[in-house]
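Reader: I am new to this structure. Please take a close look at one part, the aromatic rings, and then connect that part to the rest.

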Amino acid sequence: MFKSLAIATLAASASAFAPAQTGKASTQLAAFENELGVQPPLGFFDPLGLLEDADQERFDRLRYVEVKHGRVCQLAFLGQIVTRNGIHLSGDIDYSGDSFDSFPNGIAAVLGPDAIPQAGLLQIVAFVGFLELFVMKDSANGAEPGEFPGDFRNGALDFGWDTFDEETKLSKRGIELNNGRAAMMGILGLMVHEKLGEIDMVADLPIIGALQ
């Protein structure tokens with residue numbers, strides 16, 4: 001499972017760049033050399049060849065997936081920091097009186113002998129599925145498609161986005177993209193270190209300490 005997750009995460013983070021190639025492929029890749037997110041020191045970077053023979057529609061789809069994965073991983077990394085700092089929801093998670101802070105942090109909270117009740121996990125999956133199908137889309141509820149891949153405002157949420165000039169918008173999108181890429185690597189690293197703890201290879205990490 002973790003091997004598959006690692007491959008999927010790397011594929012998502014690499015989707016927006018491609019190394020220089022020759023012939024027809026080089027010409028096609030050149031069309032994306034000025035896209036948002038192509039920057040030093042890597043420039044184009046696509047070790048899996050996801051952009052070979054790709055058109056703009058294909059690129060936009062990969063960017064959409066990359067942005068969404070980045071957002072999920074930013075929330076996941078923040079969740080790791082918060083819960084490992086001892087901050088949990090108050091009250092009980094079920095009618096048996098099990099409190100939220102009685103369950104382990106990290107991946108162990110959903111997988112393993114001390115995981116949350118199965119009903120709770122199913123509720124999480126159902127809620128995420130609802131968001132995926134009906135809310136977190138660039139044209140949900142009959143709204144016009146967003147301005148760019150990952151624009152989920154859907155004619156309702158804005159938070160002042162339209163007050164920014166184009167340069168500021170590009171800057172903010174670039175910041176989000178880079179933060180998302182870092183978070184994908186970060187949460188993957190935390191998951192790996194957490195599993196290493198099961199074989200007595202505990203590492204004392206910055207900010208969150210040892211993953212137990």
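Author: Start with Trp161. Its relative accessibility is 13%, so Trp161 counts as buried. Buried means under 20% relative accessible area, exposed means over 50%, and partly exposed lies in between (1.4 Å probe, protein chains only). The model is predicted: local features need pLDDT of at least 70, side-chain atom pairs count only at pLDDT 80 or more, and totals for chains, interfaces and linings use all residues. Residues are numbered from 1 along each chain as its sequence is written, and side-chain values use heavy atoms, with hydrogens and water left out.

Now the neighbours of Trp161. The rings of Trp161 and Phe164 have centres 6.0 Å apart and planes at 90 degrees, so this pair is edge-to-face. The rule covers rings of Phe, Tyr and Trp (its six-membered ring): they pair if their centres lie within 6.5 Å, and planes under 30 degrees apart count as stacked, over 60 as edge-to-face and the rest as tilted. By this rule the count comes to five aromatic pairs. Another of them joins Phe148 and Trp161: the ring centres are 5.7 Å apart and the planes stand at 55 degrees, so that pair is tilted. Phe148 and Trp161 are 13 residues apart, and each sits in the loop between α4 (118-135) and α5. Helices (H or I, at least four residues) and strands (E, at least two) are DSSP runs, numbered from the N terminus.

Phe164, at 29%, counts as partly exposed.

Lys172 lies over its face, at 5.1 Å from the ring centre. A charge sits over a ring if NZ of Lys or CZ of Arg is within 6 Å of the ring centre and within 35 degrees of the ring normal. Arg71 lies over the face of Phe152, at 5.1 Å from the ring centre.

Next comes the nonpolar core. The largest one has seven residues: Cys73, Ile107, Ala183, Met184, Ile187, Leu190 and Met191. Helix α5 (residues 166-196) supplies the largest share of this core, five residues. Such a core is a set of buried Ala, Val, Leu, Ile, Met, Phe, Trp, Tyr and Cys residues joined through side-chain atoms within 4.5 Å. In soluble globular proteins, nonpolar side chains tend to be buried together. One member, Ala183, touches Gly70, Cys73 and Gln74, not counting residues up to four places away in sequence. A contact here means heavy atoms within 4.5 Å. Apart from this core lies another, of six residues, among them Phe44, Leu51, Ala54 and Leu62.

Arg84 brings in another helix. Its place is in helix α3 (residues 56-84). At 17% relative accessibility, Arg84 counts as buried. Its side chain makes polar contacts with the side chains of Gln80 (2.5 Å) and Glu194 (3.4 Å). A polar contact is a pair of N or O atoms within 3.5 Å; within protein, one must be able to donate a hydrogen and the other to accept it, and residues adjacent in sequence count only if both atoms are side-chain atoms. Arg84 and Asn105 are 21 residues apart in sequence, yet 6.5 Å apart in space, C-alpha to C-alpha.

Ser90 lies in the loop between α3 and α4. At 69% relative accessibility, Ser90 counts as exposed.

Last, the whole chain. The protein chain has five helices and two strands. From the N terminus on, the elements run α-α-α-α-α-β-β. Of its 212 residues, 30% count as buried.
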